[in-house]
Amino acid sequence: MLPLIALRNLSRNQRRTLLSLLVVCVGFIGLLLTAGFVRASFVGLREAVIQGGLGHLEVVPAADLGAANSADRTGRPPGFAGWREIRDTIEHQPHVRAAGATIQFAGVATNGGSSASFVGLAVEPDRERRMGMAVRLREGASLPEAEGAGGEDQVLLGVGLARALGAAPGDTIAVMAATPDGSLNAVDMVVAGLFTTGFQELDGRILKTSVADAQRLLGTERVTSVIVGLTETSTTPQVETALRQLLTTGPAPLSIVTWETRAPFYGQVRALYGSIFAFLGTIVALLVALSISNTMLMSVLERVREFGTLLAIGTSRAQLAQMLIFEALWLAAIGALAGSALGFGLVTLINALHIEMPPPPAAVDPILLELLVQPSDFLWIFGAMTIILAAAAIPPMLRVFRLQIVDALGHV
Amino acid sequence: MQLAFEVRGLAKTYRQGTVVVQALSGIDLAVRSGEFMVVAGSSGSGKSTLLHLLGGLDRPDAGNILFAGVDLAARTEAERTRIRRHQLGFVFQSFNLVPVLSAYENVEYGLWLGGMAKPERRRRVEEALDAVGLADRMHHRPDHLSGGERQRVALARALVNAPIAVLADEPTASLDTHTAAGMVQLLIELNATRGTTFVFATHDPTIIARAPRVVHLSDGRIVDEMRRSAG
């Protein structure tokens, strides 16, 4: 009977109830949109990191594990021998889309009058494409997929590096790098195209070529590592375990490094966004709780004599408190239902509008405002709203607990 | 002779700002089971305070109140709540019905509090509303009932649990003369047929004139008591 009375109590002052529902509804939508935005940002960043070249997993000689960070390995000679067999073995594993060798190196590129140091990344273009790592070309063409296709060594230059060298697609530049024995080697390479990594600073230093061309430049058959691309990011731990069992024993043990280990900034961004979300969530929760609490307190003050009567005829204070809790829960349920419907509509609309936001700091391209909402979001936000509104009912409950029956009966 | 209420040396003071008001002082009173007693007196004489104390709504500063042999002042709030729920009925001057509940639900509420099963509740509520002549208005909410009808709903609510006593504080004060007379007649009939003890606080001379027993209060003391023989 108390839930019924509580529900009907909400109909007493319909305008006030509507305002309360609006507060709950807007709070619900606020949390839903923020959760959707944060998740989309996490997923977007994660996939950008993975498809930007890191892959889901990296197989690297155990001896090089200490230099797991990519930046630390550019100065080291490639140390991964027998990588073709390993790569082919990996590609036969479940959930593996493709695996491809990479070489990280550094050197100097010159285009006649202009020279610039570069960070080099050699890949197997056909496998890179199969792993879903699309090159963001700005001009020209991608690297040829077949080894030796085109009959000459080709490179892609970061747009910033090309600008520094004054190079354009079709130009021939000299690329110099140190070989494993310490001597300097140089080859002429044709600029196939200009590309962007999405980060201005890296665009000013990056040079990309095929593994075969880099091996000719460096005078080695070895590579730095084998990058593994998976069908689903969620299978990363599963494949990591399988590869660990397969590759980490034997005379030349290999190490398996996940993308998360190689991209520590992802965790930092996640922690930062998580803090921002928690901060925003706390503000929303406080606003909703204070607003509803104030409304409920007003409602209690208007019903003092009624509460006195209910106490007089045998209602316990705990039962009155329950009634207030039910009122709060009804508000939470109805508000959350409306918030779910409106929030879902808003999420669909925002995603359909393809709204572009300015590039983040140091990034090149604008980012798409996307909201990734899951069914579980509706559940946990509903749970949060329920807790917030139950908390909002505490001050009115305390007011009821302090009521003196005789005073309440005489209340006007 | 069984006593519904036995009051000895009852006293109660209130503080209004810096002024201490002696609401009741040295009240000795015995109310038999099934008795119909009116507490009469002018405004501020202590009638309502006496009813509040008899109903366990407040604690006295001194004295004892035995209700059906139980010392109300010595009981915890939870125990007094249970006593009010099961053994006492209340009728208030302003009806004090729950506006969001229908007449039926208002009467049913007390039975629900007592944990009674729904079929039994239905039977009792219909019987109580029938007894006060509101069987055909049971699904109306208070704001769709007249003052007299509301007070009859309040009376049905007070009686539905078959309490030992009903305490009514100025129950006819908000009613017109004709309706008030009908209400009093109904109360007298219910008292006669059910044997429920009725204690009334009123200053309405028409009620006082018909009451079998009248206790007059003035300045918190019993100043006069009058009994009429039945018929």
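Tutor: Residues are numbered from 1 along each chain as its sequence is written, and chains are lettered from A, ligands numbered from 1, in the order in which they are written. Because the model is predicted, local features need pLDDT of at least 70 and side-chain atom pairs count only at pLDDT 80 or more, while totals for chains, interfaces and linings use all residues.

Student: How many helices and strands are in chain A?

Tutor: Chain A has 16 helices and 12 strands. Both are DSSP runs, numbered from the N terminus: helices are H or I with at least four residues, strands are E with at least two.

Student: Why is strand 9 of chain A called largely enclosed?

Tutor: Strand 9 covers residues 225–230 of chain A, and 6 of the 6 are buried, so the rest of the structure largely encloses it. Buried means 20 or more other C-beta atoms within 10 Å of the residue's own; exposed means 12 or fewer; partly exposed lies in between; C-beta atoms are placed from the backbone. Across chain A, buried residues make up 36% of the 412.

Student: Which residues show that both faces of strand 9 of chain A are covered?

Tutor: On one side, Ser225(A), Ile227(A) and Gly229(A) are buried; on the other, Val226(A), Val228(A) and Leu230(A) are buried. In a regular strand, side chains alternate between the two faces of the sheet.

Student: What makes strand 1 and strand 9 of chain A a pair?

Tutor: Two strands pair if DSSP finds at least two bridges between them. Strand 1 (residues 57–61) of chain A has 3 bridges to strand 9 of chain A, running antiparallel. Glu58(A) has Ile227(A) as its bridge partner. Strand 2 (residues 96–111) of chain A also pairs with strand 9 of chain A, antiparallel, over 6 bridges. There, Ala99(A) stands opposite Val228(A).

Student: Why are strand 2 and strand 5 of chain B called edge strands?

Tutor: Their open sheet has 4 strands in the order 2-1-4-5, with antiparallel pairing. Strand 2 (19–32) and strand 5 (70–71) of chain B each have a single partner strand, so one side of each lacks a neighbour in the sheet. Strand 4 and strand 5 of chain B share 2 bridges. Phe67(B) stands opposite Val70(B) in strand 5 of chain B.

Student: What is the strand order of the open sheet of 6 strands in chain B?

Tutor: The order is 6-7-8-3-9-10, with mixed pairing. Strand 6 (88–91) and strand 10 (221–227) of chain B are its edges, each pairing on one side only. In chain B, strand 9 (residues 213–218) runs antiparallel to strand 10, with 6 bridges. Arg213(B) stands opposite Arg227(B) in strand 10.

Student: What makes helix 5 of chain B largely enclosed?

Tutor: Of its 13 residues, 11 are buried, so the rest of the structure largely encloses helix 5 of chain B. The buried ones include Gly148(B), Arg150(B) and Leu159(B). Strand 6, helix 3, helix 4 (118–131), strand 7 and helix 6 (177–194) of chain B are among what covers them.

Student: How far does helix 5 of chain B reach from its first C-alpha to its last?

Tutor: It reaches 18 Å, close to the 18 Å expected at 1.5 Å a residue. The expected span is 1.5 Å times one less than the number of residues.

Student: Why does Phe95(B) count as buried?

Tutor: Phe95(B) has 23 C-beta neighbours inside 10 Å, so it counts as buried. Phe95(B) sits in the loop between strand 6 and helix 3 of chain B. Leaving aside residues up to four places away in sequence, Phe95(B) touches Arg150(B), Gln151(B) and Ala154(B). Contact here means that C-beta atoms, placed from the backbone, lie within 7 Å.

Student: Why is Arg59(B) called partly exposed?

Tutor: Arg59(B) has 15 other C-beta atoms within 10 Å, so it is partly exposed. Arg59(B) lies in the loop between helix 1 (47–54) and strand 4 (62–67) of chain B.

Definitions and conventions:
Two residues are in contact if their C-beta atoms, placed from the backbone, lie within 7 Å.
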